[in-house]
Every structure is written in C-alpha cells, then in structure tokens.
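Please look over the sequence and the model shown here before reading the report.

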Amino acid sequence: MVTIARNIGPQGRRRRMILGFVLLALALAGAALLVHGGFSRGLRLALFVPFFGAALGALQGRDHTCVLLAARNQCEIGSGLGAVDDAWLGGQLKRQARDVLLESVLLATLATGLVLLIPG
C-alpha cells in the first residue's frame, strides 16, 4: 500500500478542485472559441496554460499535496500554515509534488495537442 503524505486539509483540497474545474471549463470554452473562430493553431498553444492550471488544481486536490507548500516545506494547519519538521514527511511531500507537476504537464500537453488536431 502506498502512503500518501498530506500537506493540505479538506478545505484546501476543495479549493484546489474547484479551481481546477473552473480552469478546465475556461480552457474548453477557449478551445471552442479558438477552433470555431478560425484562429491559427499557433494561438491554440496558449491553451496549455489553463489546461495546466486545471490539471494542477485537480491533481493537488486528489493527492492532498500543494506543490507550493511542499517546496516551502510547509503544510496547512486549520486556517494557517505550519512547518513540516519530519524529514521523511518533507521528502515524501516533495516527491508527491514532483509527480503532481509532471502529471499536470503531461495532461496539459495532451489536452493542448488534442485541440491542435481539431481542424478549423
């Protein structure tokens, strides 16, 4: 069984998931606008940014791991921030954050590539 280290609580997860889905909706709306508006494929590359943000938000929520907090060796405690004192936990959070970033880049690249394949 894989141990999941957590540096965000339920409220932080919810915020990140909501942000991820809002950014996904914006990315899809932007893709529809760019494809149906006849804009160049080069301009569609800009959709990488909202697709990346959407993936990052959703994956941080899924994995209970805020990338920024992991980089700072911090965690959310209630409504504030606290330091991660345990070396193993800090290392595990950094590994999870790296995985979240990598998956986010891959998903955003895939989504952007799919939009580039749409003729228009």
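Predicted model: local features only at pLDDT ≥ 70, side-chain atom pairs only at ≥ 80, totals over all residues.

Overall values for the protein are gathered in the table.

| Property | Value |
|---|---|
| Span of the C-alpha trace along the principal axes | about 55 × 25 × 25 Å |
| Accessible surface | about 7,100 Å² |
| Share of that surface belonging to carbon and sulfur atoms | 70% |
| Share of the 120 residues that count as buried | 38% |

Among contacts between residues at least 6 apart in sequence, 77% join residues at least 24 apart.

Strand 1 (residues 74-77) and strand 2 (residues 80-83) run antiparallel and are joined by four bridges, one of which pairs Ile77 with Gly80. The two strands form a hairpin with two residues between them, and Gly78 in the turn has a positive phi of about 60°.

Asn7 belongs to the segment before helix 1 (10-36) and is buried, with a relative accessible area of 1%. The side chain of Asn7 reaches the backbone nitrogen of Cys66 at 2.7 Å. Beyond its neighbours within four places in sequence, the contacts of Asn7 include His64, Thr65, Leu69 and Leu93, together with Gln74, Cys75 and Glu76, and residues 74-77 make up strand 1.

Terms used. Residues numbered from 1 in each chain as written. Heavy atoms only, no water. Buried < 20%, exposed > 50% of the residue type's maximum accessible area, 1.4 Å probe, protein only. Polar contact = N/O pair within 3.5 Å; in protein donor to acceptor, adjacent residues only side chain to side chain. Contact = heavy atoms within 4.5 Å. Pairing = 2+ DSSP bridges. Areas by Shrake-Rupley, 256 points an atom, 1.4 Å probe, with all protein chains shown as cover.
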